[in-house]
Amino acid sequence: MKTALHELAQLQIVKACNQLGMQAQMEYVGNGWRADVFIQYNCKKYAFEIQLTPQSLKKTQERQEKYIKDGIICCWLFEKEPSRQRLELEDLPIFRLIQEDDSLMVSLKGRKTLALDIFVKDFITDKIKFCKTLRPLPRVNVVFVEMPCWKCGSMNHFYYIAPFSSACNTEIFHDEAMWTSDKFLFRPEILRKIHEYASSDEGKYLILATIKERYSSVVGNSYMSFGCSCCDSIFGDFYIHSAIADAWYGDGVVGKYSFDIDFDLDTRIDLPHWCHSGENSFCE
């Protein structure tokens, strides 16, 4: 039996298709399947299934196979997604349908939430694409944090690179080993931008900790590190990481700075997902 939500979703999908000049049909019956909404557009066939009652992943896959057999791209809108679905699949597009007052929204695994009509238009017109990797946007977000010198007490500011963002609004964390010299944040291109900012009117408040290779008695070797701009004492990576952890909650943060770059961030990660990139390029 249809619910008011189910019928509302059907009608909104049909309306979105009509606005694109597509002919959409509700309750279309095929060979072993019955689509809530069926569309033919640009030599392709689409079906939208609105699943408001619980349905296992296995049952969904079984029903999906019938659509695939008939060459139909079926998109599933679940009120509650199957609990066993760990990875997003190219041949099984599943998204969450959300009702907010009188509006219906579709969540792409929490990365983005789109109005149902926008989602339908973008899905059918290939503005939502399945990608196998996450690619960061070419933008670096820098956070400056205060660091009083443990030896002379002088105030310094060090910085760290905040998580990158993908085109589809996913955070990409760039984890690096401690006590090494080849950290991303010490790349010459990054250092140049940091010093340019610190020399500008906007960033002149900063007292940048100096960066160079120093010997650490704790580690027993030398590595590129932050150090006091006054007495040159090393700020060990353990203490830097501890200060970064506090900064996640806002403690010690004195400023932020963002800039675009023209080199490869080299931070792609393997993560199959349905990508909605908006005005940006897809993740792959």
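What volume does the second largest pocket have? In this predicted model, the second largest pocket has a volume of about 330 Å³.

The lining of the second largest pocket consists of 16 residues. Nearest the centre of this pocket lie Val218, Ile234, Phe235, Gly236 and Tyr239. Three elements each contribute at least two lining residues, namely strand S9 (139–148), strand S15 (234–235) and H5. H5 provides the largest share of this lining, with three residues. By residue class, the lining of the second largest pocket comprises 12 nonpolar residues, three polar residues and one charged residue.

**The largest pocket**

The largest pocket holds about 440 Å³ of space. It is lined by 20 residues, and those closest to its centre are Tyr160, Ile161, His174, His241 and Ile244. Strand S10 (155–161) and helix H5 (237–247) each supply at least two residues of this lining. Here too the largest share comes from H5, which gives four residues to the lining of the largest pocket. The lining of the largest pocket divides into 14 nonpolar, two polar and four charged residues.

**Paired strands S1, S2 and S3**

Strand S2 (residues 34–41) pairs with strand S1 (residues 23–29) in the antiparallel sense, and S2 also runs antiparallel to strand S3 (residues 44–51). The table sets out the two pairings.

| Strand pair | Bridges | Residues between the strands | Turn residue and its positive phi |
|---|---|---|---|
| S1 and S2 | six bridges | four residues | glycine 32, about 85 degrees |
| S2 and S3 | five bridges | two residues | asparagine 42, about 55 degrees |

Each pairing takes the form of a hairpin, the one made by S1 and S2 and the other by S2 and S3. Which residue of S2 is the bridge partner of alanine 24? The partner of alanine 24 is isoleucine 39.

**Summary**

H5 supplies the largest share of the lining in the largest pocket and likewise in the second largest pocket.

Definitions and conventions
Residues numbered from 1 in each chain as written. Predicted model: local features only at pLDDT ≥ 70, side-chain atom pairs only at ≥ 80, totals over all residues. Heavy atoms only, no water. 1 Å grid on protein atoms, 1.4 Å probe; cavity = no way out; pocket = protein on both sides within 12 Å on 5 of 7 lines; lining within 4 Å. Points joined across faces, edges and corners; volume = space filled by probe spheres on them. Nonpolar A, V, L, I, M, F, W, Y, C, P; charged D, E, K, R; others polar. Pairing = 2+ DSSP bridges.
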